[in-house]
Amino acid sequence: MQDRDLHVLEFNKIRDILSTFAVTECGRGLCLALVPSGEYDEVLRMQAMTEEADTVITYIGSSPVAYFTDVREYLKLAQVGSVLTAKALLDVAESLRAASSMRRSLVSSEREDTPYLSELASGISTDRELEDEIFNAILSEDEISDRASSELYSIRRHIRAANDKMREKLNSIVHSQSMSKYLMDSVITMRNGRYVIQVRADSRQYVPGLIHDQSASGATLFVEPMAVVEAGNDLKQWQAKEKQEIERILRGFSERIAPCAGLYRRNIEIMAEIDMIFAKALMGREMKAVAPKLNREGHIRLIKARHPLIDPQKVVPSDLWIGEGFTTLVVTGPNTGGKTVTLKTVGLLTLMAQAGLQVPCAYGSVLGVFDRVYADIGDEQSIEQSLSTFSSHMTKIVDILENVTENSLVLFDELGAGTDPTEGAALAIAILESLLKRHITTLATTHYSELKAFALSTQGVENASVEFDVETLRPTYRLSIGIPGKSNAFEISRKLGLPDELIETASKKLSADQVKFEDVIANAEYHRKIAEKERELAEQAHIEMQKLRREAEKMAREVEEKREELLRKARQEARSIVTKAQRESESVITELKKSKAHTEMLKEHELQGLRAQLSSVLAENTEGPGNAGSDIESLPVPKDLKPGDIVEMIDMGTKATVLEAPNAKGEVTVQAGVMKMKVALGRLRMARKEKTPAKPQAGKATVNIGPAAVSLECDIRGMNVEEGILAVDLYLDSVQRSGLKNVSIIHGKGSGVLRTGIQAHLKKHPAVKEMRLGRYGEGEDGVTVLTLK
């Protein structure tokens, strides 16, 4: 890419914007020197790295690039044996710290979505030990830490001791009564690195010592008393040793840097490149840009493309395509209508994509990768070279025709302008035909009707136009492909006040073919606008339909949620009713147990049976509308009840036997187990027939007694003692009714608690005649075998 083409398409302004997103001076330098590549694979790599940088920013929330100074000059000095200053060493350590941070952020076994950046960052060299030592030894560019070396620590300890000794001696001198009358002031100060006191010039002979300075008036002498001269010399020696030790420390760091200078220089180059890559990603985010799809065939399809240098609030997005079906696009329309902006948008976005930058378009936009972008845009009239506008354009066109290849993109603005219109149009057609034969992707703007006709009649060439609103005399900046544009000269002139008779005279000067051609264009434009409006109406109708559909779906969800809520409340109410009935039944049972004699009391297992039935009713009522209670209640109220009929009590959820027919109050006397009660006729239903029980499984010992089958074993493993006793009582009750004499209780071995508790209960049970532990083959200690009375 030549600098002239980059400048014409304003790529230099894009580089300026890009540089503002860089963190370091090195990164800014690379941004300002960025040049698009013509190599397809290289462009793919750059675009991939920009996308990876955007992924990293999304993942960690910011750029991983930390500020560092360009230390390549310092590294060069270290390589030739120079001693680096404290500031230079701090800058080198800072660059090492930035390198470590960047490598940690980008090189990770867990990160698989940034292969290019990880590979690039893996080339960064780190030296954490040297980095830490420099920061620990050098506090600032003017201060070295006492802990930089043990020798420096010792030297500074001596310096502090010498300072303290001298100040103590000088304080005693200036505060002595014999000496105070000779002093101008009792303040101790320094001159030429030596401690001095301020002595009156007329009292010099009374204060022995070395004069180091005097005041401007000459009235005050700065004297180092002889009593501290030797101590001052000693201090000077320690200060010289301190300087030598600091020099040695700095030299040691410099010598450690020298062998790795090449690696550290490479670090700077890699980090600067990474800084530029993240600047690309940040600029893409700022511009709301996307990564385009790239191809080698020169196909371009821009969707809602925006010129990146125009105010985003004012720019009008446009769609444009070329390369599929035609390779030459002729753009026509009035001045200031946006033809040149269209050319620059295509050229600039192509350059941006080939520089690894994302482009301000919608997703799905496509750009070709070209070996070079040629742009003949603008007036380059040269007074020095005595070139007219036409000559300057033609000089550039000649250069383009000589160097262009099949993989180039060519942009012409006002092709053939600046000379006789007839000759200019003929030249323009010849140039476009030459490029068309070579299948070179070309965009050209023009006012010439001949070029519009050429595009209409030539295979591989297509017309496009920029819209212009004649009513407001303002361009809309919308691009329409497939329809040539009108110059609208007569309409614009009429709006601006040119007399109608002049416009009528001018229109008569046009040939019949010209008038017919312009009418065809106007008619096509009219129908295109109608089609565009119809399309917009169809889109609005589609959007409205989608909105109505979403509202209907929302309403259906709300109805369903309300139905579920009502069902939930109904289940809660049913549960509360059954719970209340359960509490009342428990109260009745308690009262009955208290009032009945021992022989007439309810058996415990029957009470538990009633409780279980109530619990089952409770569970059924909490499961939804299709529960058993609802089924019972839906049955008809029984008629002509007589003693002996089996009924179901709705409120209790259990079966009972009718003892007496309904009385005058509609109450029926029934018996459930051993409990007799009166129940309203409306709360009774005829009992449903029992389903035929399934046949017992093979291997299970059962005895058939009437309609029911009783097992020869009762398995209570896993229960506690109370649960086991209840289960055994219920089991023995059914066994007694069946007539069995020998049964087994399986309680398992375990800790023996369940076995002991069960056997203690069975010893007192009225139905048990004998009991023993199981023998070999019967389950041994895990089974108790019973003989019933």
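Two strands count as paired here if DSSP finds at least two bridges between them, and helices (H or I, at least four residues) and strands (E, at least two) are DSSP runs numbered from the N terminus. The model is a predicted one, in which local features need pLDDT of at least 70 and side-chain atom pairs count only at pLDDT 80 or more, while totals for chains, interfaces and linings use all residues. Residues are numbered from 1 along each chain as its sequence is written, and side-chain values use heavy atoms, with hydrogens and water left out.

Strand β14 is a handy place to start. β14 (residues 441-446) pairs with strand β13 (residues 408-412) through 4 bridges, and the two run parallel; within that pairing, L411 sits opposite L443 of β14. Getting from β13 to β14, the chain passes through helix α15 (residues 421-437), and this β-α-β crossover is right-handed (with the strands pointing away from the viewer, the path from the first strand over the helix to the second runs clockwise). Strand β10 (residues 328-332) is also parallel to β14, joined by 5 bridges, with T328 facing T442 of β14. So how much of β14 is buried? Buried means under 20% relative accessible area, exposed over 50%, and partly exposed in between, with a 1.4 Å probe and protein chains only. By that count 6 of the 6 residues of β14 are buried, so the strand is largely enclosed by the rest of the structure. In a regular strand the side chains alternate between the two faces of the sheet. In β14 both faces are covered, with T441, L443 and T445 buried on one side and T442, A444 and T446 buried on the other.

β26 runs antiparallel to β27 (residues 783-788), with 5 bridges between them, and V768 has L788 in β27 as its bridge partner.

As for helix-helix packing, the axes of α4 (residues 40-60) and α12 (residues 261-287) come within 8 Å and cross at roughly 75°. The two helices are therefore roughly perpendicular (angles under 35 degrees count as roughly parallel, over 145 as roughly antiparallel, 65 to 115 as roughly perpendicular and the rest as oblique). Contact means heavy atoms within 4.5 Å; residues that meet include M46, M49 and I57 in α4 and I277, F278 and L282 in α12.

E245, in helix α11 (residues 226-257), is buried at a relative accessible area of 6%. Leaving aside neighbours within four places in sequence, E245 contacts S149, E151, L152 and I155. P636, by contrast, lies in the loop between α21 (628-634) and β17 (646-649) and counts as exposed at 64% relative accessibility.

Technical notes:
Axes are lines fitted to C-alpha atoms, for helices over the stretch in contact, and angles run from 0 to 180 degrees between N-to-C directions.
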